[in-house]
Amino acid sequence: MKAMFYKFERYLLTEKMVSQNTMDAYRRDVFQFIDFIQKKYSLSDISQVESMHLKKFLEFLKKDIQIGARSSSRKLSALKSFYRFLQRYHEIPNITESVAFPKL
């Protein structure tokens, strides 16, 4: 799964030309999600991930880690970008389309 992120990382740096701070934040957020679904659901292929897994991740962040809505929104924004990339370049369904941002 992280191999897909590295392709996304190259896309962000070369085509989108994001700052290093943005890249670092995306890396932390996407890797946190990947680690969560690998540990909790034993998923090894990004195409196996469903929107339910993303909703459970956001619930985990809120209840277990107790991060605020602003931080959850940033993480969701990173994941939405990642999944738009996966959909466009790798034909992987965008599981983030049905997931709403937390209310701030």
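Predicted model: local features only at pLDDT ≥ 70, side-chain atom pairs only at ≥ 80, totals over all residues.
Residues are numbered from 1 along each chain as its sequence is written, and side-chain values use heavy atoms, with hydrogens and water left out.

The structure holds five salt bridges, each a side-chain nitrogen of Lys or Arg within 4 Å of a carboxyl oxygen of Asp or Glu. Here are some of them, with their N to O distances:

| Pair | Distance |
|---|---|
| Arg 27 and Glu 9 | 2.1 Å |
| Arg 27 and Asp 24 | 3.1 Å |
| Lys 75 and Asp 29 | 3.1 Å |

Let's start with the pair of Arg 27 and Glu 9. It links distant parts of the chain, with Arg 27 in helix α2 (residues 20–41) and Glu 9 in helix α1 (residues 2–16), 18 residues apart; helices are DSSP runs of H or I, at least four residues, numbered from the N terminus. Glu 9 is buried, at 13%.

Arg 27 and Asp 24 are separated by about one helical turn, because they are three residues apart in helix α2. Asp 24 is partly exposed, at 26% relative accessibility. Together, Glu 9, Asp 24 and Arg 27 form a network of salt bridges.

Now to Lys 75 and Asp 29, which also form a salt bridge. Lys 75 lies in helix α4 and Asp 29 in helix α2, so this pair ties together parts 46 residues apart in sequence. Lys 75 is buried, with a relative accessible area of 10%, and Asp 29 is buried at 1%.

Technical notes. Helix = DSSP H or I, 4+ residues; strand = E, 2+ residues; numbered from the N terminus. Buried < 20%, exposed > 50% of the residue type's maximum accessible area, 1.4 Å probe, protein only.
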